Amino acid sequence: MDSEPETGIDTPLAAANPAVEIVEELLPPPDQMGLGSFQSVAAVCLCGVFAFLNLYVTQPLLPLFERVFHASKGMVGLTVSASTLGVAISAPVLGAFAERMSRKRVIVTGIIALSVPTLLAATSPGLHALIFWRFLQGLILPSVFAITITYVGEEWEHHSVPLVMSIYVSGTALGGFVGRLTAGLTAERLNWRWSFVLLGVLTLIGAAVVARWLPAETRPLPEAKQTGIGEELKAMLVHFRNPRLGATFAVGFGMLFTLVAVFTYVDFYLADAPFYLSTETLSYLFSIYLIGLIVTPVGGYLVRHVGMRTGIAGAIVTCLMGALITLSHSLWLVVLAGLGLVCTGVFIAQATATSFLRVAAPEGGRASAAGLYICCYYLGGTVGGELPSYVWDLGKWPACVALVAGVLVVTLAVALVGWKMPKSTQA
């Protein structure tokens, strides 16, 4: 068993937003104590809901898009990976630019801006236009979730941050589920264009509620830094020289690759023989995603006792078992055991990885390390949404599972080698 410094995994569902562990250590205690008003906490939760309402919304629609646009699985898969690519590109850069701007203003403006490409997606004359609007959604999304994380860390008392952050991350999980369900039900009963219209209207309503309920920030904004963007990027790249950080970035890449690949291409598997699930039924599958609300805090408690290196190994093996179980021709086994174990493993792995980031990153470099982690994390989702389409032609779902299993084995090996603690911290 590893002997590691006490870090803890305080925030559940880090898979939804992997930087949540970093913020609270970067700031001195604020003046505001306790949880504050119901409206302020609810507004933070809604920020999570509306940030992730649109991110993976096309997953249950992919078999439908394949028929409507007469396109390949790889092309319709771009409606998922384009948005995660947008997040990967903009998250580190937007965080630097928004550092000295009003947190509330950036968040509310971001939600309003997000509604624009969402509504315009409904007007797409073809698949390429839809992919473009999805990419634009991804570019805008970090203005909501990344700045909300900073806002919570600044505006709540240090010991209240984990609870408020867990409420926020629960909102991200709820938003991801509601977005997929809304899109699937609307597309089945009306058409796919109305899915984006409804989501766009909901996003605008969310912006109005957040603008009314979210208190203006009380902490003064940071002073302008003298370093240029080039110097900041150069300082970030130094993190790749740290083997433990490099391994952590690889874990983030591998875990979102797994989550996106499995939940994107299992739709094609379940829409075909012997299941023949409809678009509406496919949208219900994503309710299994809510399992993270329960299993991640429990997993965090267990990881505290076995150590993070052992914990990450157990989480990745759990993912691997779940992926293999999805090869079953029993729908209940595929969904409850297969997809359930994949979710469980990914969520616990991401919570563990973000906690390990606090240990691996040097003091004063945790924010930039978190930015790189987010970038690698969503790059993994981008590749996971596209690469399996090439192996599908070779062997359909079993070939995709083999690819996911290979990525998980490599991720496990990298974690076991790269996450070795320095001798000075070992028993």
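Before you click around, a word on the model. It is predicted, so local features need pLDDT of at least 70 and side-chain atom pairs count only at pLDDT 80 or more, while totals for chains, interfaces and linings use all residues. Residues are numbered from 1 along each chain as its sequence is written, and side-chain values use heavy atoms, with hydrogens and water left out.

**Whole chain.** Switch to a cartoon view: you will see 16 helices and zero strands (DSSP runs numbered from the N terminus, H or I of at least four residues for helices, E of at least two for strands). Of the 427 residues, 59% are buried (under 20% relative accessible area with a 1.4 Å probe, protein chains only; exposed is over 50%, partly exposed in between). Among contacts (heavy atoms within 4.5 Å) between residues at least 6 apart in sequence, 86% join residues at least 24 apart.

**Helices 4 and 5.** Select residues 103-121 and 127-140 next. The axes of these two helices come within 9 Å and cross at roughly 170° (axes are lines fitted to C-alpha atoms over the stretch in contact, with angles from 0 to 180 degrees between N-to-C directions). That makes helix 4 roughly antiparallel to helix 5, a label for angles over 145 degrees. Show side chains to find the contact: helix 4 brings residues including G110, L114 and P117, and helix 5 brings residues including W133 and I140.

**T182.** Move on to helix 7, residues 161-189, where T182 sits. T182 is buried, with a relative accessible area of 13%. Leaving aside residues up to four places away in sequence, T182 touches S195, L198 and L199.

**Helix 10.** Now pick residues 243-271. Helix 10 has 29 residues and reaches 42 Å from its first C-alpha to its last, close to the 42 Å expected (1.5 Å times one less than its number of residues). Because 24 of those 29 residues are buried, helix 10 is largely enclosed by the rest of the structure.

**Cysteines.** Finish with the sulfurs. The whole structure has zero disulfides (pairs of cysteine sulfur atoms within 2.5 Å). For C319, the nearest cysteine sulfur belongs to C343, 8.7 Å away; C319 is buried at 0% relative accessible area. For C376, the nearest is that of C375, 5.5 Å away, and C376 is buried at 13%.

Technical notes. Parallel < 35°, antiparallel > 145°, perpendicular 65-115°, else oblique.
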